[in-house]
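Me: I would like to go through this structure with you, one topic at a time. Shall we begin with the aromatic residues?

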Amino acid sequence: MARLKLGVLISGRGSNLQSLIEACAEADYPAEIVLAISNEPEAPGLERARRAGIRAEIVDHRDFSGREAFERALDRALAGADAGLVCLAGFMRLLTPWFVERWNDRLINIHPSLLPAFPGLDTHARALAAGVRIAGCTVHFVRAEMDRGPIVVQAAVAVEDGDDAAGLAARVLAAEHRCLPLAVRLIAEGRVRVAGERCEIAGAAEPPPPLISPSPSGCG
Ligand code: GRF
């Protein structure tokens, strides 16, 4: 079966890109990365792509007259590489409705919260300040509104006593690295159907037991 061709957009560290690189290295994984693009010339993620033999390009938003010209350059590069799905993996630019429409249902984002809670930045500090006991991450199809769109995969991560934003972020990030490759796999296998603003997932296994925090064991 032909592998789904991925374009991955990054702005920084690229650890989620790395999780896709590793997934794509598995013989039975149904996707391959055809192009990684960073809008930040110094993004460490670019080196991760190059090390894996993946074409890595810089499309620096500062080189363009405006958002539209920047996005047209992104679009040209992605279409030129024949990408069938675009993954925003720590891509720190807002995309216009033009780009989002053009890649409608072929554009996913990974966000470090259980959306629709805590869209935007500083999610972990905000989650801790709100006193949530369960945090997490979300992979969703992108819509024009920031951090909104049909949800493909979520993971729940328990907040621990004494957590700070960095500690929580590290545990959520480990979950992100499982969720993004899983979402891509499900989409590549044709098991995700977008129905209105929800995703239907074909052939999903039995749901796991609820994550309860604090754990009832030891609470009498
Ligand atoms: C991740 O937490 C992702 O959810 C968010 O930005 C961060 C990017 O990390 N959108 P990395 O560059 O993939 O390591």
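Me: Which residues do ring pairs link into a cluster?
Reply: Please note first that this is a predicted model. The cluster consists of Trp98, Phe99 and Trp103, linked by ring pairs.

Me: Which charged end sits over the ring of Trp98?
Reply: That of Arg72, at 4.5 Å from the centre of the Trp98 ring.

Me: How many aromatic pairs does the structure hold?
Reply: There are 3 aromatic pairs in the structure. One of them joins Phe64 and Phe70, with ring centres 6.0 Å apart.

Me: Why is the pair of Phe64 and Phe70 tilted?
Reply: The planes of the Phe64 and Phe70 rings stand at 55 degrees, so the pair counts as tilted. Stacked pairs have planes under 30 degrees apart and edge-to-face pairs over 60, with the rest being tilted.

Me: Is Phe70 buried or exposed?
Reply: Phe70 is buried, at 3% relative accessibility. Phe64, by contrast, is partly exposed, with a relative accessible area of 27%.

Me: Now to the cysteines. How many disulfides does a search of the whole structure find?
Reply: The search finds 0 disulfides.

Me: What about the sulfur of Cys87: which cysteine sulfur is closest to it?
Reply: That of Cys24, but the distance is 8.6 Å, again too far for a bond. Cys87 is buried, its relative accessible area being 0%.

Me: Changing topic to the helices: at what angle do the axes of helix 5 and helix 6 cross?
Reply: The axes cross at roughly 115 degrees and come within 9 Å. Helix 5 covers residues 123-130, and helix 6 covers residues 165-188.

Me: How are helix 5 and helix 6 oriented to each other, parallel or perpendicular?
Reply: They are roughly perpendicular to each other. The crossing of helix 5 past helix 6 is right-handed.

Me: Lastly, where is the place of Asp63?
Reply: Asp63 lies in the loop between strand 3 (56-58) and helix 3 (67-80).

Me: Is Asp63 buried or exposed?
Reply: Asp63 is exposed, with a relative accessible area of 61%.

Methods: Residues are numbered from 1 along each chain as its sequence is written. This is a predicted model: local features need pLDDT of at least 70, side-chain atom pairs count only at pLDDT 80 or more; totals for chains, interfaces and linings use all residues. Side-chain values use heavy atoms; hydrogens and water are left out. Rings of Phe, Tyr and Trp (its six-membered ring) pair if their centres lie within 6.5 Å; planes under 30 degrees apart count as stacked, over 60 as edge-to-face and the rest as tilted. Buried means under 20% relative accessible area, exposed over 50%, partly exposed in between (1.4 Å probe, protein chains only). A charge sits over a ring if NZ of Lys or CZ of Arg is within 6 Å of the ring centre and within 35 degrees of the ring normal. A disulfide is a pair of cysteine sulfur atoms within 2.5 Å. Axes are lines fitted to C-alpha atoms, for helices over the stretch in contact, and angles run from 0 to 180 degrees between N-to-C directions. Helices (H or I, at least four residues) and strands (E, at least two) are DSSP runs, numbered from the N terminus. Angles under 35 degrees count as roughly parallel, over 145 as roughly antiparallel, 65 to 115 as roughly perpendicular and the rest as oblique. A crossing is left-handed if the near helix is turned anticlockwise from the far one by less than a right angle, and right-handed if clockwise.
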